Amino acid sequence: MPPATGAEPSPDPFQVEPAHHRWLLTTCVAGIAGSLVIGSAVLGIFGENAAPRDAYASVEKASISGFYPDTADGGRSPIGRKEFSSAYQPQPDTGQPVVPERDLNNANLYPEITSNDLPYSEDRPVVINADIDGVDDEENITTITKQVPPEPTDETIKLAKGQSLIDVLTDRGVSLDAAKALVASINPIFPVNMIKPGTAVEVTLDRQIDFYGREVTFPVELSFNPGPKETLTVEADEDGRFQAAIEGTKAGTKSQYAQINHFHTHAEVGSSLYGTAKDNKIPDYIIAEFTRIFSYDVDFQRQVKASDTFDVFYGNPLTGSSSRRKVLHFAQLTLDGKTRTYYRYTTKDGQTDYYDEQGRSAQKSLLKTPVSGAKLTSGFGMRLHPLLGYSKMHAGVDFGVPQGTPIRAAGSGVVEVAGRHGSFGIAVEIKHNDRYETLYAHMSRLAAGITRGTKINQGQIIGYVGSTGRSTGPHLHYEVHVNGRPVNPTRITAAGGKQLAGKELAKFAQMKQRVVAMMQQAPSPLQVAQAKQ
């Protein structure tokens with residue numbers, strides 16, 4: 001039914017508005033055009049590097065249209081100008097660029113680079129970063145001059161105190177192994193630890209080439225005297241092995257001085273004479289004899305200091321056939337710089353004693369110290385008695401010594417008391433002569449054979465230290481009576497003994513020289529003990 005006149009037509013839902021259709025078409029066309037423009041721009045920018053080589057064939061040398069604007073004078077703007085190598089220039093006849101074909105086998109792969117641009121060529125060789133100078137044949141010769149090896153050198157060395165034979169050799173450049181091998185060859189014949197200080201050693205040193213081609217010092221010969229009239233020689237063979245022997249004897253024969261029969265020790269007293277003597281391997285009976293000899297003159301408790309020195313020489317007897325027990329031949333003690341020396345000597349009538357340098361006997365009428373290693377614990381005079389509790393005259397001196405220490409008679413005489421004697425406990429009293437008497441108290445027991453009326457000799461053992469009677473501990477109470485009155489035992493100046501004279505004195509002087517000579521060669525017992533280790 002047609003619409004009424006003047007009325008608006010009713011809308012048709014299936015009708016598309018023409019304006020809308022034109023807008024959609026315009027939008028599509030504009031998008032395609034924009035894409036082409038942008039694509040062309042991108043191709044123009046990156047096509048230079050991405051385009052294949054054939055693309056350059058249709059491009060003129062002048063410019064690329066749209067990207068190289070003309071200048072006012074008809075030329076081309078220098079901005080963005082693209083020049084090409086002559087290898088790609090267009091040919092006059094065709095106007096097309098010619099791309100040369102590369103020889104990949106041996107030709108120049110970069111035709112735009114000429115030989116003049118290279119740092120080297122066939123006509124111009126150059127060594128980079130190196131200089132080679134011409135070498136004269138005469139200068140390229142190494143000349144080795146063969147020199148005559150130095151002659152072996154001889155040297156005399158004296159061993160210092162505390163210096164060993166190994167020290168002497170290594171100080172002169174000898175290797176430690178060679179020095180030890182040399183010493184090892186000597187020991188079976190004569191222990192090197194027994195070589196005394198001051199011994200002269202003759203050594204021949206040679207300069208040799210070792211296994212590694214180094215020049216070394218080598219002892220080819222060495223010699224010294226172990227004792228008088230004996231020479232020990234060590235020689236190296238061609239293989240560098242050492243052989244030692246006593247001259248004039250068969251190989252392997254021991255030195256007569258290796259059979260040690262005598263020993264010599266010199267030392268400072270130190271903390272105690274007995275302790276130091278034991279440290280030096282001196283036997284107890286030699287120490288006791290040494291103490292007895294000096295007991296006439298020396299108070300070992302108060303007079304001997306740590307800095308004082310002593311000398312002991314002992315060994316087999318020089319006379320007689322018995323050698324089962326060694327004896328003391330020489331005894332020397334230096335106190336405050338004053339030296340006392342005694343030698344063992346047997347007179348023509350068979351009496352053996354010790355005599356000083358002038359032939360005076362060491363034996364006096366009385367010993368000052370009847371026990372060895374004694375410590376004076378109580379002096380002579382008035383004192384507070386430790387048990388009674390009041391002052392009482394102490395008529396003797398007390399020596400603090402260990403239980404069982406031997407007690408010796410201060411002088412020769414006759415025993416008057418032997419056994420229990422009141423507060424003295426077990427005691428011995430000896431009458432020496434009409435003037436002197438001695439008393440020994442607080443013994444643990446008497447020595448064998450000591451009874452009343454027994455004749456004894458000076459130094460003979462009469463008993464042993466104890467603590468019997470009125471006593472606070474083991475010690476010896478010792479008294480000396482002169483003409484029946486007690487006197488201080490430490491202040492007695494006893495009369496001297498025997499004096500040698502005439503032929504006996506001359507014979508004694510010869511014996512002294514022999515002892516001194518033997519003493520200079522004798523090792524110490526400590527050295528012998530170390531050599532046996």
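I am working from a predicted model, where local features need pLDDT of at least 70, side-chain atom pairs count only at pLDDT 80 or more, and totals for chains, interfaces and linings use all residues. Residues are numbered from 1 along each chain as its sequence is written, and side-chain values use heavy atoms, with hydrogens and water left out.

Next I checked burial: 34% of the 533 residues of the protein chain count as buried (under 20% relative accessible area; exposed is over 50%, partly exposed in between; 1.4 Å probe, protein chains only).

Then I turned to Asp353, which I found in strand E10 (residues 352-355). Asp353 is buried yet has no salt bridge (a side-chain nitrogen of Lys or Arg within 4 Å of a carboxyl oxygen of Asp or Glu). I looked up the nearest side chain of opposite charge, and Arg292 is 5.2 Å away (Lys and Arg count as positive, Asp and Glu as negative; His and the chain ends are not counted). Leaving aside neighbours within four places in sequence, I see Asp353 in contact with Tyr343, Arg344, Tyr345, Ser361 and Gln363 (heavy atoms within 4.5 Å).

My last stop was Pro188, in the loop between helix H3 (176-186) and strand E2 (200-209). I noted Pro188 as exposed because its relative accessibility is 51%. I also checked Ser255: its C-alpha atom is 9.3 Å from that of Pro188, with the two 67 residues apart along the chain.

Conventions:
Helices (H or I, at least four residues) and strands (E, at least two) are DSSP runs, numbered from the N terminus.
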